[in-house]
Amino acid sequence: MRESLIPVVPMSHTAHIRNHRKPRRNASTLAMRAGVAGGVLSTLAVAGAAGSANAAEPVTQTLELPTLTADLATQLAQSADATQQAAANYELQAERDAAAAKAAKQAKADLADAKKKAEAKKKAEDARKAAAFQAASRSSTRTVLSSSAGSSGSSSSSVSAPASGSVATVIAFLKAQVGDAYVMGGTGPNAWDCSGLVQAAFRQVGVDLPRVSQDQSTSGTPVSLSNVQVGDILYWGSAGSAYHVGVYIGNGQYLDAANPSKGVVIQNLSGYPATGAVRVL
């Protein structure tokens, strides 16, 4: 059998080294790559169209957005209502505070006005009583000690004898002041008011009487006017609120610091009867 011989072609010494030149692209390779690229672009186009379609129809978001917007509007409305209510409450409280302050101020003014009226009423009542007393004093028959002194000793016969030495001292002091002036608040030695004269007279025998007629009318032991004795203190007005005092000297007479027009005088008790009497000696 004959053997076929394969011809041997000598190779270049560089044939085993890879060629670094870019291989030539034949038409089929380019066509294949173009087809692949076209497919990729078609895929991207389809995906983009699908994405645009999905963006144009956001089913889930379209359903949720109105719900979120309605809840937010409700919350805002509730917050506005709460704010408005708080403002209304503050305004109401401010009005109440202002009304309370105004009422307190008015009550204070009313109280001050009531006090002024009460004081004015009291002064008017005291003035009325004093005027009544002075009118009665002027209309009554009085015997002034200085006038009696010129009439042949009639003064000594008109005064009964004191009950004791202490009473005699009181009466002697009182008679020594006849003719002195009457001055409101006067306590001597040359001007007196009614209670200042009585206090000074009893101080001569160690009896410390209160300063004012109201308190002097409750000092000592109360006695009836039918049993009054020389040296008893007479008062006009009710006990504890008397507005005038004097001292009984006997024979229906008393000695007192009467008023600014008369001064210290001796007067008849019948002209202006006393309300009551107290005994301290």
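Figure 1. Ala-277 is buried, with a relative accessible area of 2%; buried denotes under 20% relative accessible area, exposed over 50% and partly exposed in between (1.4 Å probe, protein chains only). The structure is a predicted model, in which local features need pLDDT of at least 70, side-chain atom pairs count only at pLDDT 80 or more, and totals for chains, interfaces and linings use all residues. Residues are numbered from 1 along each chain as its sequence is written, and side-chain values use heavy atoms, with hydrogens and water left out. Ala-277 belongs to strand E9 (residues 276–279); helices (H or I, at least four residues) and strands (E, at least two) are DSSP runs, numbered from the N terminus. Neighbours within four places in sequence aside, Ala-277 contacts Thr-221, Pro-222, Val-223, Leu-225, Val-228, Ile-233, Leu-234 and Tyr-235, contact meaning heavy atoms within 4.5 Å. Between Ala-277 and Gln-229, the separation is 48 residues in sequence and 9.5 Å in space, C-alpha to C-alpha.

**Figure 2. Surroundings of Tyr-254.** Strand E7 (residues 253–259) contains Tyr-254, which is buried at a relative accessible area of 1%. Not counting residues up to four places away in sequence, Tyr-254 touches Leu-234, Trp-236, Val-247, Tyr-248, Ile-249, Val-265, Ile-266, Gln-267, Asn-268, Leu-269 and Tyr-272. Leu-234 lies 20 residues from Tyr-254 in sequence, with a C-alpha to C-alpha distance of 8.1 Å.

**Figure 3. Contact of helices H5 and H6.** The axes of H5 (residues 165–176) and H6 (residues 194–203) come within 8 Å and cross at roughly 135 degrees. Axes are lines fitted to C-alpha atoms, for helices over the stretch in contact, and angles run from 0 to 180 degrees between N-to-C directions. The two helices, H5 and H6, are therefore oblique to each other, since angles under 35 degrees count as roughly parallel, over 145 as roughly antiparallel, 65 to 115 as roughly perpendicular and the rest as oblique. From H5, Val-170, Phe-173 and Leu-174 meet Leu-197, Ala-200, Ala-201 and Phe-202 of H6. The residues of this contact comprise seven nonpolar, no polar and no charged; Ala, Val, Leu, Ile, Met, Phe, Trp, Tyr, Cys and Pro count as nonpolar, Asp, Glu, Lys and Arg as charged, and the others, Gly among them, as polar.

**Figure 4. Burial of helix H6.** H6 is mostly covered, with nine of its 10 residues buried. The buried residues of H6 include Cys-194, Ser-195, Gly-196, Val-198 and Gln-199. Across the protein, buried residues make up 26% of the 281 residues.
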